[in-house]
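Trainee: I would like to learn how the words used for a structure follow from its values. Could we go through one together?
Mentor: Gladly! Here it is.
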Amino acid sequence: MVSAEAGIDRVLWTEAEVAARVGDVAAELEADLRALPEPAVVVGVATGAFLFLADLVRRVDAPLAVDFVRVESYGQGTESSGKPRITADLKVDVAGKHVVVVEDIVDTGNTLSCLIAHLEKKGASSISVCTFLDKPARRKVNVQLVGDGKFYSGFECPDCFVVGYGLDYAELYRNLPYVGVLKPEMYTKDSGN
Ligand code: PRP
Ligand code: MN
Ligand code: MG
């Protein structure tokens with residue numbers, strides 16, 4: 001088999017650039033979480049957020065809990081179904097807690113809207129969002145934060161299909177330590193994300 005890198009057309013952010021930016025976002029988050037009266041709950045959205053979450057929280061020196069939910073909307077393709085499903089729920093009770101949702105990318109905003117409504121129903125007192133990539137060009141639903149929640153973002157992403165650092169195409173490429181654009185011949189439906 002060939003390397004994962006063989007499917008990559010060009011690199012958008014190198015491993016070093018990713019690490020530097022994650023450090024900046026972590027510093028911002030650390031200052032805010034230290035100001036809270038009690039530990040926050042950091043909720044990673046599996047699968048995409050796993051690398052960003054791991055790199056982020058180890059750089060945040062503040063008391064916090066880590067949990068995961070699984071929300072899926074893209075399946076095997078490049079087009080959002082528009083109907084995300086929560087296929088694995090939290091272990092930690094978030095009632096009355098400050099929640100920070102960690103995502104790899106906010107694209108249409110459907111996944112986050114669904115998840116924020118879900119966390120609000122569970123009684124989270126505030127909900128922030130910390131996303132590695134933000135792709136505002138594709139937004140269909142505005143991300144409504146809750147309470148004193150803030151929006152943290154690593155990079156603004158151009159409107160092309162990106163993979164690596166957690167982001168997949170048909171479950172592959174997540175393990176790349178950088179973010180790249182997939183070669184068009186690697187996928188069949190040329191419809192963005
Ligand atoms: C991707 C990505 C975000 C979401 C963003 O998840 O990881 O969670 O889509 O898209 P949206 O803003 O248009 O909703 P995906 O459904 O591909 O699952 P995965 O994390 O397991 O790859
Ligand atoms: Mn995801
Ligand atoms: Mg995906």
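Trainee: Where is the place of Thr47?
Mentor: In this predicted model, Thr47 sits in the loop between β2 and α2 (50-57). The peptide bond leading from Ala46 to Thr47 is cis, and its omega is near 5°.

Trainee: What makes Tyr165 count as buried?
Mentor: A residue is buried if 20 or more other C-beta atoms lie within 10 Å of its own. Tyr165 has 28 C-beta neighbours inside 10 Å, so Tyr165 counts as buried. You will find Tyr165 in the loop between β8 (162-163) and β9 (179-182). Tyr165 also has a positive phi of about 50°, although it is not a glycine.

Trainee: Why is Ala170 called partly exposed?
Mentor: Exposed needs 12 or fewer such atoms, buried needs 20 or more, and partly exposed is in between. Ala170 has 14 other C-beta atoms within 10 Å, so Ala170 is partly exposed. Ala170 lies in the loop between β8 and β9, and its phi is positive, near 50°.

Trainee: Which residues of α3 are buried?
Mentor: They are Thr111, Leu112, Leu115, Ile116 and Leu119.

Trainee: And why do you say that they line one face of the helix?
Mentor: Looking down the axis of α3, the buried residues fall within an arc of 120°, so they line one face. Among the elements covering them are β2 (40-46), β3 (64-72), β5 (98-106) and β6 (126-134).

Trainee: How do you know that the span of α3 agrees with what it should be?
Mentor: At 1.5 Å a residue, the twelve residues of α3 (110-121) should span 16 Å, and the end C-alpha atoms are 17 Å apart, which agrees. Just after α3, Gly123 takes a positive phi of about 90°.

Definitions and conventions: Residues numbered from 1 in each chain as written. Chains lettered and ligands numbered in written order. Predicted model: local features only at pLDDT ≥ 70, side-chain atom pairs only at ≥ 80, totals over all residues. Helix = DSSP H or I, 4+ residues; strand = E, 2+ residues; numbered from the N terminus. Expected span 1.5 Å × (residues − 1). Arc of directions from axis to C-beta. Contact = placed C-beta atoms within 7 Å.
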